[in-house]
Amino acid sequence: MGRRVAIVTGANRGIGLATVRNLCKTFSGDVILTSRMTPTGKEAVNSLKKEGLNAIFHELDISQPDSIRMLREYIEEHYGGIDVLINNAAMSFDKNEDIPIYRKAQLCFDVDFSGTLNVVKLFFTLLRPHARVVIMTNGYIGVESALTGVAKSKFSDSTLRLYDLELLANEYLKAVKFSNCQKFGWPDSPSQCAKIFLVKMANIVSKLMESDQRRNLLINACCPGWTRSGASREYTDKDGTVGGEVLQEPDTAAKDIVWLTAISSGTATPNGNLVRHKKVLNASTCT
Ligand SMILES: NC(=O)c1ccc[n+]([C@@H]2O[C@H](COP(=O)([O-])OP(=O)(O)OC[C@H]3O[C@@H](n4cnc5c(N)ncnc54)[C@H](OP(=O)(O)O)[C@@H]3O)[C@@H](O)[C@H]2O)c1
């Protein structure tokens with residue numbers, strides 16, 4: 001068996017970088033810091049080096065299937081498998097950013113949904129027994145109870161497969177394009193909708209893992225809690241809080257994320273859940 005390896009996507013800044021920092025201190029194996037831009041990724045690796053920590057850089061743009069394949073080839077050649085995969089990369093926006101809603105929906109679904117799905121699909125066969133996979137999401141806005149009508153009934157089908165989820169993503173994008181979100185029961189916010197899809201993705205993949213020959217593969221969706229980094233900008237009030245909740249530092253968020261990757265071998269739960277601050281939330285209400 002090759003050397004143990006952990007991979008973090010979108011790790012040049014924010015929670016991703018803090019997660020790499022934490023893994024460098026706690027994970028027994030190599031930690032791959034990925035970034036869509038080589039200069040920012042290398043800068044992040046160098047900043048960790050100054051702290052005495054060694055991460056390995058590899059470029060990865062999750063919206064580009066060829067970029068995912070290149071990382072896959074690198075991992076296969078150097079490690080032969082994956083022990084930890086943290087899908088952290090996501091779109092983030094400024095508060096009141098002036099961007100047409102359909103463009104925003106395309107970006108959220110190209111990166112957060114399709115990008116993450118392609119990473120999970122392409123890396124799935126490389127996961128070693130006892131591998132731990134995390135999909136970062138937002139359990140404050142990504143609440144399934146925001147769905148109504150047709151969207152709600154299709155989403156709550158317990159036999160939903162990944163392919164069905166992709167079809168539903170297309171249905172959602174079409175609804176945005178033709179201003180039909182309300183009619184079909186989708187939420188208005190593309191960021192919110194993409195996060196709801198990510199929680200469902202973790203749930204569906206967990207079922208595939210349960211029936212896989214490799215033992216004890218676990219995947220969970222993780223909400224880090226409001227954190228002082230890019231993704232909270234859109235929701236932060238003038239007083240620097242999100243609805244009164246004080247933002248935590250990325251290093252604090254990283255502890256909970258790494259906890260999910262360190263669930264001991266043989267432990268079967270949590271799996272397919274939405275987890276915040278080490279607690280499983282109800283995927284429908286996020287409480
Ligand atoms: N911060 C919060 O309060 C909060 C709350 C709930 C959930 N989350 C989730 O936690 C995760 C991290 O949040 P954050 O606040 O640290 O976000 P962030 O500061 O906005 O960082 C996002 C990272 O994703 C990268 N990225 C964007 N598009 C990419 C692509 N196509 N391919 C590869 N990387 C890409 C960014 O790279 P560039 O630097 O090149 O743009 C950046 O490194 C996200 O999934 C977010 O939704 C955060």
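Guide: Two residues are in contact if their C-beta atoms, placed from the backbone, lie within 7 Å. This is a predicted model: local features need pLDDT of at least 70, side-chain atom pairs count only at pLDDT 80 or more, and totals for chains, interfaces and linings use all residues. Residues are numbered from 1 along each chain as its sequence is written.

Visitor: Which residues is Ile 7 in contact with, leaving aside its neighbours within four places in sequence?

Guide: Ile 7 is in contact with Ile 32, Thr 34, Ile 82, Val 84, Leu 85 and Ile 86.

Visitor: How many residues has the largest nonpolar core?

Guide: Terms come first. A residue is buried if 20 or more other C-beta atoms lie within 10 Å of its own, exposed if 12 or fewer, and partly exposed in between. A nonpolar core is a set of buried Ala, Val, Leu, Ile, Met, Phe, Trp, Tyr and Cys residues joined through C-beta atoms within 7 Å. Here the largest one has 79 residues. Ile 7, Leu 33 and Leu 198 have the most contacts inside it. Helix α8 (residues 190–210) gives the most to this core: eleven residues. Helices (H or I, at least four residues) and strands (E, at least two) are DSSP runs, numbered from the N terminus.

Visitor: In what order do the eight strands of the open sheet stand?

Guide: Strands of a sheet pair through backbone hydrogen bonds, either parallel or antiparallel. Two strands count as paired if DSSP finds at least two bridges between them. The order here is β3-β2-β1-β4-β5-β6-β9-β10, with mixed pairing. β3 (56–59) and β10 (279–281) are at the edges, each with a single partner strand, so one side of each has no neighbour in the sheet. From one strand to the next, the twist averages 30°.

Visitor: Which strands does β6 pair with?

Guide: β5 (residues 127–136) is joined to β6 by five bridges, and the two run parallel. Val 134 has Asn 220 of β6 as its bridge partner. β6 also pairs with β9 (residues 274–276), again in the parallel sense, over three bridges. There, Ala 221 stands opposite Leu 274. β9 and β10 run antiparallel, joined by three bridges. Arg 276 has Lys 279 in β10 as its partner.

Visitor: Are the faces of β6 covered or uncovered?

Guide: In a regular strand the side chains alternate between the two faces of the sheet. In β6, Leu 218, Asn 220 and Cys 222 on one side are buried, and so are Ile 219, Ala 221 and Cys 223 on the other. Six of the six residues of β6 are buried, so the strand is largely enclosed by the rest of the structure.

Visitor: At what angle do the axes of α4 (residues 101–124) and α6 (residues 162–177) cross?

Guide: Axes are lines fitted to C-alpha atoms, for helices over the stretch in contact, and angles run from 0 to 180 degrees between N-to-C directions. These two cross at roughly 170° and come within 9 Å. That makes α4 roughly antiparallel to α6 (angles over 145 degrees). Among the residues making the contact are Phe 109 and Phe 113 of α4, and Leu 162 and Leu 173 of α6.

Visitor: Is Met 91 buried or exposed?

Guide: Met 91 counts as buried, with 21 C-beta neighbours inside 10 Å. Met 91 lies in the loop between β4 and α4. Not counting residues up to four places away in sequence, Met 91 touches Leu 107, Cys 108, Val 111 and Asp 112. Now take Thr 148, in the loop between β5 and α5 (149–155). Thr 148 has 13 other C-beta atoms within 10 Å and is partly exposed.

Key: Angles under 35 degrees count as roughly parallel, over 145 as roughly antiparallel, 65 to 115 as roughly perpendicular and the rest as oblique.
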